Amino acid sequence: MATAMDTVMVSRRSPVRRAGFLLLLTAIKSGAAHADTLTITPRFSTSETYTDNLTLAPSNEATPGFITQLTPGINIKDNGSQLKLNIDYSLLDMIYNNYGWEHTYYNQLNATGDLELIKKTFFIDASSTISQQPLSLFGPVSANGANLTGNVANVTTETISPTLVHNFDEEFIAQAKLTRSLMNFSAAGPAVYGGAGGFSPYQVGLTPGYDFSGSSNIADMYVTNGAEFTNFLWKLDYNNNQTVFTGYPNSTISLLTADLGYLITPRFKLTSEVGYENDNFVYFGPRPQGLFWNVGYGWSPSQRTHLDMSAGERFYGRTYLLNLSHRMRHVMIQAGYNQSVMSSMGEQYLPPATALDQLLLTQITDPAQRQQTIQQILSALGPQSSLFGMNVITNEIFLSKTFQSSVGVTTTRNTVLFTLFDSQTLPLQQPGASSLNNPFLQFQNYLAFGTFYTSGATLTWSNQLTPVMTATFSDTYSRMSMANLAGQETTDLLLIGVSDKLTEKVTSSLTYRHQYMNGGVVGGYNFMENALIAGLNFIF
């Protein structure tokens with residue numbers, strides 16, 4: 001098993017890792033020279049979990065057990081005038097008492113660095129992340145990755161983006177940005193072995209022995225109107241996005257777009273877009289290329305209300321967009337519908353995060369403090385991102401149609417957020433066509449099942465019981481299905497917890513977790529789990 005140091009070590013073979021690491025290192029050195037902008041915050045947390053289903057096996061085969069978790073971590077921030085740095089790292093040590101005190105290590109990293117080399121002209125942004133996700137959404141999905149399921153993957157990303165910007169006397173602004181990203185998928189969790197006292201996960205057709213990488217190269221260049229243009233708005237943009245998985249055909253999405261808008265009043269504008277698309281990915285049928293267009297409007301009757309709507313056409317058919325937000329002192333309403341052509345290396349969707357930011361905007365005006373509050377709320381919910389998105393590793397290109405809406409309410413002691421989401425992910429290549437010279441990277445044979453559907457709801461409630469004690473409640477229900485499979489899979493994750501601030505730097509917590517999966521599809525997976533987690537968090 002790879003050690004923690006093996007996972008976070010910077011590879012000498014990767015130019016992105018080298019450049020990103022050097023940028024972050026430069027930022028650290030700069031912060032050390034300007035100690036007033038540098039903050040280093042070590043932390044340590046420990047928890048003990050009792051679960052009645054350690055391996056998330058079907059109910060008649062459930063085995064109870066204890067999981068001890070030790071998590072040292074550190075946060076480094078530098079908010080200098082030219083260098084901004086945020087590195088957050090945790091090492092999760094999971095100890096399984098039932099299996100000879102077996103240890104499993106997970107690295108979790110979220111590091112960003114922004115460097116302004118030439119004032120207002122040349123910037124370099126770099127980031128690196130390490131996280132865990134399920135190998136398959138149709139197998140046992142652990143709420144926090146701690147259960148012994150054999151269904152966990154490490155996902156490592158490194159990105160670097162040099163950007164050149166120039167303002168031509170307020171008449172127009174030009175920008176050129178290149179983004180190079182690497183993503184690696186590798187097996188995570190404990191060694192899988194059988195025998196006396198050994199762990200053998202409940203098998204759902206998983207293949208844990210894999211390790212492969214993908215990369216993307218994005219070139220984005222645009223010219224747009226400057227401040228001299230008051231009513232007439234315009235932008236000319238070229239974007240070329242290439243995705244590469246070694247040993248498989250590359251996928252390229254290339255767009256040339258002209259945007260035109262006109263402010264009829266300061267609060268109402270007409271929008272239009274026309275462009276040419278010249279994509280190059282495995283596609284059985286007419287090549288996806290040609291003209292596309294859309295028209296719409298934007299309306300902002302006040303600073304707290306905004307509405308965007310548009311409709312148009314692209315090579316796959318009609319396109320629609322909706323973006324509505326309305327914010328009052330204690331209430332936030334948000335709704336959106338979007339269609340996009342995407343690859344599996346696209347960003348995952350986490351419904352609560354953006355909605356919480358909008359909800360707390362009027363109560364917490366300081367962005368840093370607001371983000372800290374959001375993270376405190378989300379930390380009580382667990383890594384729910386694993387419950388959303390298709391979670392596919394492939395070189396295929398998809399059409400994503402996503403709707404989400406949120407309603408949030410805040411009072412002196414309460415923060416309540418309700419989110420609905422519904423998405424369709426349609427393969428733009430014909431299912432089954434992969435038999436022609438095997439042009440697709442397929443993992444868990446997702447492509448054979450056609451369109452993937454996900455829908456559900458999340459309810460989150462945080463209550464400040466006392467100045468030092470907070471209660472949290474969340475329930476996430478989701479349904480997943482694929483077009484060519486009978487039935488649908490339903491999951492539910494319920495978390496009820498309370499945290500107590502013992503001192504300025506020590507917090508205790510107690511959480512009850514209930515989750516289940518009902519695999520209504522043919523050969524689907526079923527399990528149920530109840531768990532109690534007691535934890536202590538220390539900030540030094």
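Tyr337 is found in strand β15, which covers residues 331–343. The model is a predicted one, in which local features need pLDDT of at least 70 and side-chain atom pairs count only at pLDDT 80 or more, while totals for chains, interfaces and linings use all residues. Residues are numbered from 1 along each chain as its sequence is written, and side-chain values use heavy atoms, with hydrogens and water left out.

Strands (E, at least two residues) and helices (H or I, at least four) are DSSP runs numbered from the N terminus. The protein chain has 22 strands and 4 helices.

Tyr337 has a relative accessibility of 22%, so it counts as partly exposed. That class lies between buried, under 20% relative accessible area, and exposed, over 50%, with a 1.4 Å probe and protein chains only. Beyond its neighbours within four places in sequence, Tyr337 is in contact with Tyr320, Leu321, Leu322, Lys401, Thr402 and Phe403; contact means heavy atoms within 4.5 Å. The side chains of Tyr337 and Gln339 make a polar contact at 2.9 Å. Such a contact is a pair of N or O atoms within 3.5 Å; within protein, one must be able to donate a hydrogen and the other to accept it, and residues adjacent in sequence count only if both atoms are side-chain atoms.

The table sets two residues side by side.

| Residue | Strand | Relative accessible area |
|---|---|---|
| Tyr337 | β15 (residues 331–343) | 22% |
| Leu270 | β11 (residues 268–278) | 41% |

Leu270 belongs to a nonpolar surface patch of about 550 Å², together with Phe229, Phe232, Leu260, Tyr262 and Ile264. In a patch of this kind, residues have over 30% relative accessible area and no salt bridge, and nonpolar side chains (Val, Leu, Ile, Met, Phe, Trp, Tyr) are joined within 5 Å. Strand β10 (residues 251–265) gives the largest share of the patch, 3 residues.

Of the 540 residues of the protein chain, 45% count as buried. The largest nonpolar core has 11 residues, among them Leu54, Ile67, Tyr96, Tyr99 and Leu148. Its largest share, 3 residues, comes from strand β3 (residues 83–96). A nonpolar core is a set of buried Ala, Val, Leu, Ile, Met, Phe, Trp, Tyr and Cys residues joined through side-chain atoms within 4.5 Å. Leu54 is in contact with residues including Thr63, Gly65, Ile67 and Tyr96, leaving aside its neighbours within four places in sequence.

Note on methods:
Patches are made of residues with over 30% relative accessible area and no salt bridge: like charges are joined within 9 Å, nonpolar side chains (Val, Leu, Ile, Met, Phe, Trp, Tyr) within 5 Å. Accessible areas come from the Shrake-Rupley method with a 1.4 Å probe; for residues, only the protein chains shown count as cover. A salt bridge is a side-chain nitrogen of Lys or Arg within 4 Å of a carboxyl oxygen of Asp or Glu.
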